Amino acid sequence: MTSAPDLAPQQRATYREVLANRRFRLLFVTRTLTVTADSLRIMTVSVLVFATTGSPLLGALTFGVGFLPQLAGSLFLGSLADRARPRRLVTAGYGLQCAAAAVMGVAHLPVAAILVVIAAVACLTPLSAA
């Protein structure tokens, strides 16, 4: 009876090995900055909506609108990310987030319009993050 040859376990890559690659390091840093900036943006807009309206419900809704549409976007739009080139998709996603932040920062939009802008960007975020 012959036994299967012993297969040596494959070595897993360490963080040091992965981050030694310039492209992965750049991707890691930009993604970390994006997640941090997105979280701070949502928190800041939620506080501003609460300060403007005095409504804790609208403040909480603003915070939820920043994250909950990402679930719908990942469920329904996630497969579209495989059809586009990654660099263009990431660049377009960051550009969309920048444009939305600029619109909210420059224009004096009503709370409902701010919620729509935040929800639209959050819905499309999984495409650029994929």
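In the predicted model, the side chains of aspartate 38 and arginine 41 form a salt bridge with an N to O distance of 2.3 Å, where a salt bridge is a side-chain nitrogen of Lys or Arg within 4 Å of a carboxyl oxygen of Asp or Glu. One salt bridge is found in a search of the whole structure. Arginine 41 lies in helix H2, which spans residues 22-53; helices (H or I, at least four residues) and strands (E, at least two) are DSSP runs, numbered from the N terminus. Because aspartate 38 and arginine 41 are three residues apart in helix H2, about one helical turn separates them.

Both aspartate 38 and arginine 41 are buried, a class defined by under 20% relative accessible area, with exposed meaning over 50% and partly exposed in between (1.4 Å probe, protein chains only). The relative accessibility of arginine 41 is 17%, and therefore this residue counts as buried. When residues up to four places away in sequence are not counted, arginine 41 touches Ala101, Met104, Ile118 and Val121, a contact being heavy atoms within 4.5 Å.

The model is predicted: local features need pLDDT of at least 70, side-chain atom pairs count only at pLDDT 80 or more, and totals for chains, interfaces and linings use all residues. Residues are numbered from 1 along each chain as its sequence is written, and side-chain values use heavy atoms, with hydrogens and water left out.

Zero disulfides are counted, a disulfide being a pair of cysteine sulfur atoms within 2.5 Å. The sulfur of cysteine 98 has its closest cysteine sulfur in cysteine 123, 20 Å away, and this is too far for a bond. Cysteine 98 is exposed, at a relative accessible area of 54%, whereas cysteine 123 is partly exposed, at 25%.

At the level of the fold, the protein chain contains five helices and zero strands, and its elements run α-α-α-α-α from the N terminus on. The radius of gyration of the protein chain is 20 Å, well over the 14 Å that the globule rule gives for 130 residues, so the chain is more spread out than a compact globule. This radius is taken over C-alpha atoms, and the globule rule is 2.2 Å times the number of residues to the power 0.38. Along the principal axes, the C-alpha atoms of the protein chain fill a box of roughly 75 × 35 × 30 Å. Of the 130 residues, 22% count as buried. Among contacts between residues at least 6 apart in sequence, 70% join residues at least 24 apart.
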